[in-house]
Structures are given as C-alpha cells and as structure tokens.
Amino acid sequence: MSFVPGLMISAPSSGTGKTTVMLGLLRALAEDGLKVQPFKSGPDYIDPAFHRAAAHRPSYNIDTWAMPESLIAGLSAQSDGAEIIVAEGSMGLFDGVATRGESGFGSSAETALMMGWPVVLVIDVGGQAQSAAATALGFKMYNPNLPFAGVILNRCASPRHERLARLGMDQAGINVLGVLPRRGDLALPERHLGLIQAVEHPDLEAAIAGYAAFLRENVDLEAIKKAAFEHSGPCPPTGDASLPKPPAQKIAMAQDAAFSFTYPHLVTGWRAAGAELVPFSPLADEAPAADADLVWLPGGYPELHAGKLAAATTYQTALRKHAETKPVHGECGGYMALGDVLIDKSGEKHQMAGLLGLVTSFEKRKFHLGYRQVSLKAPMLGYEAGQRLRGHEFHYTTILEEPDAPLAEVADADGNPVPETGSIKGNVTGTFFHMITEAKS
C-alpha cells in the first residue's frame, strides 16, 4: 500500500461546523484535481454518504474502540490510488469511552495518531475573541505527540472580531488556516438522529458546491495541502489487513429513504469476498430477490414512513415467504420493521411485517446511544452462538413488547448490561445495535 498524506478535521465539541468544513474541503480539493479519500472517525453511518457525494469516492469509518488493527489496515488500503486523505472527527477531538476496546478508546485523536494525520481544529469563535486561543492552545498541548496543523475559526461576526481572534492565536503560536464569516444558510438540515440522510437532501449537489466556494473564499487551501503533505506521520497499520466476510453469497438489501444506515466497510468487504448485493425498496413496494440467500433490512427512519410500509403488501408478503425457509435480519429501523407494530410520534399504530412480536413506539421517546459489546445466544448472519461482536446503538425508540427469545447478551462499552438484547424467532433475527465487526480481543 502506498503512503497517502492526510488530515483530520476535528473540533473541541459537536456543533462547531466541522461537517460544513469537511464537505467544502472535500469538494474544493477534488475541484483542484486531487483524488481525495474521505474517512470518518467513529461509528457514524450518516456522514459517509455526504462525504461520498462531495468527494465522489466511498468514505469509511475508522473506529479504534470497535475495530481491531487488522480491519483498520484493511480500510486504510481503500485509499490506494488517492492523493490526499481528509477524515472527519466525531464529537470533540479527545472524546472517547472510559474502557479500552479493540485497539483504543474510540477518540478522533487516537485515530489521527494511529493514521499519522495532523489535526485541523474547527473552533466556533461566536461569543469570544482572544479567548478562543486558550482553547486552541489547550487542544494543541493536551497531547504533544499529536501533530497539530492549525485552526479554522468559524462563525466570525466582523472584520474586527477576526482581528481580535487572530491576535490571540498569534500570541499563542497557533497557525490560522482560515476564518469563516457567520452565515446562517450553511447548516445542513437535521432531525432527531442528527443530519438528514444524503439521499433526502433537496439539493445536495448545490449545497456542497456552495460549501466549496465558501471554503475557497475564506480558507488557505494551499496551506492545508502543505500541512497534509509535510506533516503526515508514518503509515497506518499494514499487517494482517482484513475486511468483514459476507453472511451470505446473495443478499437482498433494503435500500431507500426508510432503510439506508449501512456501514460502508461491511458492504465493501462483502463485495470484495464475492457476495452479490441486490437492492430493493420496501417504500416502492418491491419484493426482495426471491433467490436471495439472506434478506437484510438496515437501519433508517421507518417511523417516518410507517403508513407506507404498512400498505406495501407485495414487499411484506415476499418477506414473510422468504422467512419461511431462509434468514431475514433487521438492524434498528430494520428490526422495528420486522416487528408487529410501530407506533409513530402522533400515537398512530402501524402494522409491520409481523415476523417478530416486537412493538415499538416513538410517542414516548427514549434516547439510546453508545457502543455495544455482544455475545450471541443464537446464530446470526453467519456467526455461531457464542460469537462476540462489537457495534453501536443510536435511536429514540421505546420498546413496549419484546416477546421473542433474546438473540444476545448485550453490554455497553464499560461492560454494563443493557436490556436491548435483540430477538430471534425461526429464521428471523433483529437487533437495535448496528454491527461493526466481530470482536477479536
């Protein structure tokens, strides 16, 4: 694998505008003729689709808590042929969990160190000026081993505000790579799980082009390129590179606005091993391929389309027929769609596939978020009972009924049991956690 220089776009916290910077930078560098490889640090399944739209190249999650170094090495190899890497962090730069996982604690800083990517810190300077430099200096010095390229100051109110913020950065010895004026029209639309899906954005291409133009006007792109090419560290892990193996050779995968939360590394690994993925749309009342070995319903937003799913008789009939002899699996939103009833936020009940007895409600929302350690009690997706997996859970669903046999013993990152065990009934399995990979450690 050839060495590709890179950068990590991170921030002191969520909500600073790093996704806007990330998308604008990906597109601006691509417009300059560079082949750009995007990555996402952490277990986010929405951002990679936006990255792909901006860079015209698949984006992959790198997760030091969930992934062993062999998988990270396999994902690193996906940058072959690229000329520069741009990765987006999650939450704040040093935010992770308290208990070590497969190869770390899950922070963006760990990812940057492992991959040798200098950090560009996006700081929201709203409500402060010189004081922002204290934040930047603290992040630069917190781990002196972490290469620090500089800062982009976001939401600057005026030329005077910029002068004061730059003065503080100069006094602290912090390199300012750009200053973005405050603009209220740049925010991407959001809903309860964060950003809307890329496929739902009313005019994503125009939005990304606008971000790129905004970055060109206000950021020193040449300085950013120089930081990547001159300060990227040693190559990432290269030994024993691997990608996930497919659970079946022909997989019918639900794919539409209700079901789109799929980790790209799973799909890439499955296809690399020769599996055929056949998409179908439950919202369009399409049946999964009759000769598929497995039907997979990924996560998404079935609660926003529950009425349409309930009326999709062709899809539901074919799904039930498949489940008579062959496996069906659903993750989070897909799990809900395999259940008996889904209650939307207005309290209306919608009949789902009924392959599991699960009844879920969005009328009484309950927040579930975090890494998951899993020990299977029954076979699932080609894994045997007793196999340990790692995944992530993120939803606002309340379980009203879960009468079927539990699929797994599930715990959080610290080993504390969680009640969302998933279900198994005949050939049908479902989980609220999104599987990332099998556990090695």
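Let's start with two helices that touch: Thr19, Met22, Leu23, Leu26 and Arg27 in H1 meet Asp47, Phe50, His51, Ala53, Ala54 and Ala55 in H2. By class, the residues of this contact of H1 with H2 are seven nonpolar, two polar and two charged. Here Ala, Val, Leu, Ile, Met, Phe, Trp, Tyr, Cys and Pro count as nonpolar, Asp, Glu, Lys and Arg as charged, and the others, Gly among them, as polar. Contact means heavy atoms within 4.5 Å.

A word on what you're looking at: this is a predicted model, where local features need pLDDT of at least 70, side-chain atom pairs count only at pLDDT 80 or more, and totals for chains, interfaces and linings use all residues. Residues are numbered from 1 along each chain as its sequence is written, and side-chain values use heavy atoms, with hydrogens and water left out.

**Two helix pairs**

H1 covers residues 18-31 and H2 residues 47-55, and they pack at an angle of about 30° with their axes 8 Å apart. That makes H1 roughly parallel to H2. The crossing of H1 and H2 is right-handed. Further along come H5 (residues 131-142) and H6 (residues 159-172), packed at about 40° with axes 7 Å apart. H5 and H6 are therefore oblique to each other. Their contact is made by Ala132, Ala133, Ala136 and Leu137 of H5 and Gly168, Met169 and Ala172 of H6. Those residues divide into six nonpolar, one polar and no charged. The crossing of H5 and H6 is right-handed.

Some terms: helices (H or I, at least four residues) and strands (E, at least two) are DSSP runs, numbered from the N terminus. Axes are lines fitted to C-alpha atoms, for helices over the stretch in contact, and angles run from 0 to 180 degrees between N-to-C directions. Angles under 35 degrees count as roughly parallel, over 145 as roughly antiparallel, 65 to 115 as roughly perpendicular and the rest as oblique. A crossing is right-handed if the near helix is turned clockwise from the far one by less than a right angle, and left-handed if anticlockwise.

| Residue | Relative accessible area | State |
|---|---|---|
| Ser10 | 0% | buried |
| Ala109 | 3% | buried |
| Ala290 | 71% | exposed |
| Thr397 | 0% | buried |

Buried means under 20% relative accessible area, exposed over 50%, and partly exposed in between (1.4 Å probe, protein chains only).

Ser10 sits in strand S1 (residues 6-10). Setting aside neighbours within four places in sequence, Ser10 is in contact with Lys18, Gly92, Leu93, Ser108, Val119, Val120, Leu121 and Val122. Ala109 belongs to helix H4 (residues 108-115). With neighbours within four places in sequence left aside, Ala109 is in contact with Leu93, Phe94 and Leu146. From Ala109 to Thr429, 320 residues apart along the chain, the C-alpha atoms are separated by 36 Å.

Ala290 is in the loop between strand S11 (276-280) and strand S12 (294-297). Ala290 and Ala353 are 63 residues apart in sequence and 17 Å apart in space, C-alpha to C-alpha. Thr397 is also a loop residue, between strand S18 (388-395) and strand S19 (398-401). Not counting residues up to four places away in sequence, Thr397 touches Met336, Thr360, Ser361, Phe362, Lys366, His368 and Phe432.

**The annotated stretch**

An unreviewed UniProt entry places the feature "domain: CobB/CobQ-like glutamine amidotransferase" at residues 250-440. Over residues 250-440 the chain is 16% helix and 35% strand, with the end C-alpha atoms 26 Å apart.

Note on methods. UniProt positions are given in the numbering used here, feature names are shortened, and annotations may be inferred rather than shown by experiment.
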